[in-house]
Every structure is written in C-alpha cells, then in structure tokens.
Amino acid sequence: MLDSALSPPTRPARAELLVRWGGAAVGAAAAWTVAHGAALGLGVLHALPVFAVCVTAGVLAADARAPGPGGAVRRASLVPRRVRDVLPARFALLLAAEAAVLLALLAVAALTASPDDMGRAGRTLSVACGSLTQSRGPWPGLFYGVPLLVALAVGTAACGYALRRITGRPVPGGDSAVAAADARRRRERARVVTAAWGLLVSAPLAGTALFSSGALRSLSCVGPLVHTASLLLLPVAAVAAGTALWSLLTVLAPPAPLRSRS
C-alpha cells in the first residue's frame, strides 16, 4: 500500500535507500565488532575500512538494481564514460590532498618513532636532551602506520572497483530524460562511494594529527619549531574531522528523489 502511494521515481529511490542503509548498518555492526576485538587502538584502525567496504557494497547492490538496456535495438553513446566524469571534483581534490598529508605524516612518524616500554616498535616518540630522555605516546609509527596503510589500500581498491562498475554499467533504454536521470544516479552513487573513501582518509588523518600534536606538545625539551609544528597539526585535525563528518552524512543521505519529495 505504501509503495503504491509513491511516485514512480520515488519507489526505486526508496528501495535504493534501504539497500544503502542496509550496507551501512551491516558495516556499523561489523566495525563495532572489529573495534572491540583488538587492543591498543588497532581495532579502530581496522573498523574504518570494514565500514567503508560495507557501505561500498551497499552502493554496488543498489546500483545493480538499476534497469539495464532494454528493447531489441540498443543504442550506445560514442562519448566514453570515465570515472572522473562522475566524481565530485572539489570533494575528490580535498580528499586527495588529505590523503597526501596523511601519507606524509605517517612517513615522518615512522622515521622518528621508537619502541615502547614493552619493546613494541613504532609506538612512542623518544627525544634525548642531554641526560634527559622523554618518551610520549601513542605515536603513529609503524605499529599503527602499517595496519593503517594496508586498510587504506584495501578500501581504496574496493572503492575504485565500485566507481568503475558504476561508470561502466550499461545505459538503460529509453529517451533522453531516462538517460539524464541515469546520469544523475551515477553521479550520486559515485559521490557516496567517494564519501566512503573519504571516511577511510579523513578519520585516520584526524586521529593521526591530533595524537601527533598531543605527543609533540607534551615534550618539554624540544625547540620552538617542533612546538609550532604541533600547533599546526590542530587545524589539520579539525579540517579532517569535519571532512569525516561530511562524508558520513553523505553516505547516509537519501537519494535525490526522496530529498526533493520531502
């Protein structure tokens, strides 16, 4: 009865929203389980890619519900469909910049990290000032950096595959209005997948910048240059946290037909 009261464009949008939210719900449950299955913060690092991959799977499942080309005679556009044509350009550039900053931070942290008091390599930052040695942690050295890079690589591969599937899916049969609506749906799903990748990048960047800043500011025997760098990391963490929140809202936002209906 409820579906019969919805307009034709709204019914598939409602079904798409349920599929996407289903992927996000499964991802949240799996991420919660993973986050509580490992100690020393490693569970959180593993939970992020698990959630992003499940969200991406939900978008792919929703995209698979899209109608394919119909009719005995099929038409194909001579214009090639490219991934960059469906990406949200400014959002993608921001995430690319944040990914570069994250990689740079992890590289510097790996080069300056020291073992902790239990001998675990890459968990603390140690600085010697004459006879005084100060150690602070957690520090995003190899102990955290390697699992984070592996998770980022796996999540990036999953999101890249989803973008290629969304871009390369056949155009449904129909007039120009159908093709235009299909193009809008491709761009929206590409934006959701990009936002899922944004969670993979921005959330770890926020945590890495925040904990690095805290460790550096707690050292008393370093020069003003290090303290200045620690303060500069705070706005980086704030921007990354804002990006992570925006990415999460984009992942959970309803499709355009439902937004316009409300």
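These are my notebook entries on what I looked up in this predicted model.

**Ground rules**

I am working with a predicted model, in which local features need pLDDT of at least 70 and side-chain atom pairs count only at pLDDT 80 or more, while totals for chains, interfaces and linings use all residues. Residues are numbered from 1 along each chain as its sequence is written, and side-chain values use heavy atoms, with hydrogens and water left out.

**Overall layout**

I began with the secondary structure and found eight helices and three strands in the protein, taken as DSSP runs numbered from the N terminus (helices H or I of at least four residues, strands E of at least two). Read from the N terminus, the order of the elements is α-α-α-α-β-β-β-α-α-α-α.

I then looked up burial, where buried means under 20% relative accessible area, exposed over 50% and partly exposed in between, with a 1.4 Å probe and protein chains only. Of the 262 residues in the protein, 39% are buried. For contacts, meaning heavy atoms within 4.5 Å, I noted that among those with a separation of 6 or more, 74% are between residues 24 or more positions apart.

Two packed helices are described by the angle between their axes and the distance between the axes. The axes here are lines fitted to C-alpha atoms, for helices over the stretch in contact, and the angles run from 0 to 180 degrees between N-to-C directions.

I took helix H4 (residues 89-112) and helix H5 (residues 142-168) to start with, and they pack at about 150 degrees with their axes 9 Å apart. H4 and H5 are therefore roughly antiparallel, on a scale where angles under 35 degrees count as roughly parallel, over 145 as roughly antiparallel, 65 to 115 as roughly perpendicular and the rest as oblique. Their crossing is left-handed, a term for a near helix turned anticlockwise from the far one by less than a right angle, with clockwise giving right-handed. On the H4 side I listed Leu102, Leu103, Leu106 and Ala110, which meet Leu142, Gly145, Leu148, Leu149 and Leu152 of H5.

I looked next at H4 against helix H6 (residues 176-217), where the axes come within 9 Å and cross at roughly 35 degrees. This crossing of H4 and H6 is left-handed. The residues of H4 in this contact include Phe91, Leu95, Leu102 and Leu106, and those of H6 include Thr194, Trp197, Val201 and Leu205.

For H5 and H6, I found axes that come within 9 Å and cross at roughly 170 degrees. That makes H5 roughly antiparallel to H6. Among the residues that make the contact are Leu148, Leu152, Cys159 and Thr167 of H5, and Arg186, Ala190, Trp197 and Thr208 of H6.

**Single residues**

I checked Leu149, which is in helix H5 and, at 38% relative accessibility, counts as partly exposed. Apart from neighbours within four places in sequence, Leu149 is in contact with Leu103 and Leu106, and its C-alpha atom is 8.5 Å from that of Leu103, 46 residues away along the chain.

Thr167, also in H5, is buried at a relative accessible area of 4%. Its C-alpha atom is separated by 9.8 Å from that of Leu87, which is 80 residues away along the chain.

Pro88 lies in the loop between helix H3 (83-86) and H4, and its 19% relative accessibility counts as buried.

Gly130, in the loop between strand E2 (124-129) and strand E3 (132-136), is exposed, with a relative accessible area of 77%.

**Aromatic rings**

I searched the whole structure for aromatic pairs and found one. The centres of the Phe143 and Tyr144 rings are 5.1 Å apart and their planes stand at 85 degrees, so the pair is edge-to-face. Rings of Phe, Tyr and Trp (its six-membered ring) pair if their centres lie within 6.5 Å, and planes under 30 degrees apart count as stacked, over 60 as edge-to-face and the rest as tilted. Tyr144 is buried, at 11% relative accessibility.

Finally, I noted Arg123 over the face of Phe143, 5.6 Å from the ring centre, where the criterion is NZ of Lys or CZ of Arg within 6 Å of the ring centre and within 35 degrees of the ring normal.
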